[in-house]
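Dear colleague,

Please find the structure below, together with its sequence. I would ask you to keep it open while you read the notes that follow.

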Amino acid sequence: MTKESIFGDASPPTVVWALTGIFIAFELAFALSNAGILPIEDLRWQSYHGLAFLDIYFEGALRGQAVPWWFWTSFLTYSVLHGGIFHLAMNGVFFVAVGGMVARVMGPAKFLILFVGTALGGSLVFGLLADSQGPMVGASGALFGLIGALKSWEWRYIRRTGASADRFWRTIIALAAMNVLLAVAFAGQGSLAWEAHLGGFLAGFLIAPILEPRLAGPSPI
C-alpha cells in the first residue's frame, strides 16, 4: 500500500472536527466571559481550577497528601483547554492537519483511544519532570502523541524493509530543536510544557502499534 493510499487527501474525519470544536468552544466561552456577555466572571480561571493539570497537586499526591478529586480527571481534561487565542490557533491548525491523517488510518474509536492515551502520557511525564506552580493546559501533548504514532509506524516500516532511517532521525532532531527554540522564544511569557510534548510523543510511539499493527509505510511528516 502506498503512502498516498494510506493517508489520502480527504478532509479530516468528524472525530477530529469534534475535538477541535471542543477546544474552540472553551476558548469562545472564556472570551465571552471576559467581554461580560456571559454572566460568569473569570470563567477561564474557574475552569483552570477544575480542569487544568497542576503540578503542585501531583507532587502532593506523590507525598501522600490529600488532593481534590478533580485532580485525577485533570490528567485528561487539561488537553481541551488553551491559554488564549494564539495558543488555540497554533495547536488547532496542527491538530486538524496531523489528526486528520491519523484518524483516517485508525478510525474514530482507535483515534479517541490514542488521543486519551497520549494526553495522559503528556500530563504524567509533565508531573514527573516539571517543577511548575501554574496550570498546564493545551492539546500539544496529544498532538505530539499523534506525531509519535506516525513515527512509530514509520519505524516499523524501516525495521521490516531496511529502508533508510535518515528521514526518521531528521524529524526527531527537528522536533527536539523546535521545542528548544519555542522554549527560548516564550521564555518569561509562560513556560513551554516540553515535558508534556515528550510524554505525549512517547505514549503515541508505544500505543500506535497496538492500535494499528498492520500499518507500514514512510510517515508523511
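Helices (H or I, at least four residues) and strands (E, at least two) are DSSP runs, numbered from the N terminus. This is a predicted model, in which local features need pLDDT of at least 70, side-chain atom pairs count only at pLDDT 80 or more, and totals for chains, interfaces and linings use all residues. Residues are numbered from 1 along each chain as its sequence is written, and side-chain values use heavy atoms, with hydrogens and water left out.

The chain as a whole

The protein chain has 10 helices and 2 strands, and from the N terminus on their order is α-α-α-β-α-α-α-α-β-α-α-α. Of its 221 residues, 47% count as buried, where buried means under 20% relative accessible area, exposed over 50%, and partly exposed in between (1.4 Å probe, protein chains only). Contact means heavy atoms within 4.5 Å. Among the contacts with a separation of 6 or more, 79% come from residues 24 or more positions apart.

Ile24 is found in helix H2, which covers residues 14–34. Is Ile24 buried or partly exposed? Its relative accessible area is 43%, so Ile24 counts as partly exposed. Ile24 and Val80 are 56 residues apart in sequence, yet their C-alpha atoms are 8.8 Å apart in space.

In helix H3 (residues 43–51), the buried residues are Leu43, Arg44, Ser47 and Tyr48. They lie on the same side of H3, because they cover an arc of only 135° around the axis; the arc is that of the directions from the helix axis to the C-beta atoms. These buried residues pack against H2 and strand S2 (135–136).

The second largest pocket

A pocket is an open set of points on a 1 Å grid over the protein atoms alone, where a 1.4 Å probe fits, with protein on both sides within 12 Å along at least five of seven lines; lining residues have an atom within 4 Å of a point. The second largest pocket is lined by Phe144, Ile172, Leu175, Ala176, Asn179, Trp194, His197, Leu198, Phe201 and Leu202. Two elements give two or more residues to this lining, helix H9 (166–185) and helix H10 (194–211). The largest share, 5 residues, comes from H10.

With kind regards
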